[in-house]
Amino acid sequence: MSNAKTDAAVIEIRGQLDEAHRLLQMAEEAAELAQAASKLARILMGINPSPMPEDSARAHLLEEYNDVRVCAMTLDLPERVMPGKLYRWAERLRNRKWRS
């Protein structure tokens, strides 16, 4: 997701905020992402429902995810997935003692 306009925006943000402030912004956005994920999970489980419709909750989750990705761009964090993390998660699921 790099083009001249996004690159210019990243440079501008870096010029206005030092790394510590950009990390604080990311922490705030990550907390909002966690809340959005939690709300959608509640909607999907239906046990402790929210008045928010599922489609709105999904849109909100995507918005918060993108906010975290934007912060990552300003911190030069790579966009690639670490495959080992994915493989270990799949392995833990294969090896779990209980099944859903």
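Colleague: Asparagine 66: buried, partly exposed or exposed?
Modeller: Asparagine 66 is partly exposed, because its relative accessible area is 32%. Keep in mind that this is a predicted model.

Colleague: Where does asparagine 66 lie?
Modeller: In helix H3.

Colleague: And how far apart are asparagine 66 and proline 78?
Modeller: In sequence, 12 residues. In space, 14 Å from C-alpha to C-alpha.

Colleague: Let's stay with H3. What span should H3 have, and what does it have?
Modeller: H3 has 21 residues, so at 1.5 Å a residue it should span 30 Å. Its end C-alpha atoms are 31 Å apart, which agrees.

Colleague: Which residues of H3 are buried?
Modeller: Ala57, Glu64, Val68, Cys71, Ala72, Met73 and Thr74.

Colleague: What do those buried residues pack against?
Modeller: Against H1 and helix H2, which covers residues 19-45.

Colleague: Okay, H1 then. How many residues, and what reach?
Modeller: H1 runs over residues 4-16, which is 13 residues. From first C-alpha to last it reaches 18 Å, close to the 18 Å expected.

Colleague: What caps the N-terminal end of H1?
Modeller: Asparagine 3 does. One of its side-chain oxygens lies 2.9 Å from the backbone nitrogen of lysine 5.

Colleague: Switching to charges. Why would two side chains pair up at all?
Modeller: Side chains of opposite charge can pair when their charged atoms come close.

Colleague: How many salt bridges does the count give here?
Modeller: Three.

Colleague: What does arginine 14 pair with?
Modeller: Aspartate 76. The closest N and O atoms are 2.6 Å apart. Arginine 14 sits in helix H1 and aspartate 76 in the loop between H3 and H4, so the pair ties together parts 62 residues apart in sequence.

Colleague: What about the phi of aspartate 76?
Modeller: Its phi is positive, about 60°, although aspartate 76 is not a glycine. This residue follows H3.

Colleague: Back to the pairs. What does glutamate 54 bridge to?
Modeller: Arginine 58, with the closest N and O atoms 3.0 Å apart. Both residues lie in helix H3. They are four residues apart, about one turn of the helix.

Colleague: How accessible are glutamate 54 and arginine 58?
Modeller: Glutamate 54 is partly exposed, at 36% relative accessible area. Arginine 58 is partly exposed too, at 43%.

Colleague: What does arginine 69 meet in a salt bridge?
Modeller: Glutamate 79, at 2.9 Å from N to O. Arginine 69 lies in helix H3 and glutamate 79 in the loop between H3 and H4, so the pair ties together parts that are 10 residues apart in sequence. Arginine 69 counts as partly exposed, at 30% relative accessibility.

Colleague: New topic: nonpolar residues on the surface. Which ones form a patch?
Modeller: Val81, Leu86, Tyr87, Trp89 and Leu93. Together they have about 570 Å² of accessible area.

Colleague: Where does tryptophan 89 lie?
Modeller: In helix H4, residues 83-95.

Colleague: And why does tryptophan 89 count as exposed?
Modeller: Because its relative accessibility is 53%, and the cut-off for exposed is over 50%.

Key:
Residues numbered from 1 in each chain as written. Predicted model: local features only at pLDDT ≥ 70, side-chain atom pairs only at ≥ 80, totals over all residues. Heavy atoms only, no water. Helix = DSSP H or I, 4+ residues; strand = E, 2+ residues; numbered from the N terminus. Expected span 1.5 Å × (residues − 1). Polar contact = N/O pair within 3.5 Å; in protein donor to acceptor, adjacent residues only side chain to side chain. Patch = residues over 30% accessible without salt bridge, like charges linked within 9 Å, V, L, I, M, F, W, Y side chains within 5 Å. Areas by Shrake-Rupley, 256 points an atom, 1.4 Å probe, with all protein chains shown as cover. Salt bridge = Lys/Arg side-chain N within 4 Å of Asp/Glu carboxyl O. Buried < 20%, exposed > 50% of the residue type's maximum accessible area, 1.4 Å probe, protein only. Contact = heavy atoms within 4.5 Å.
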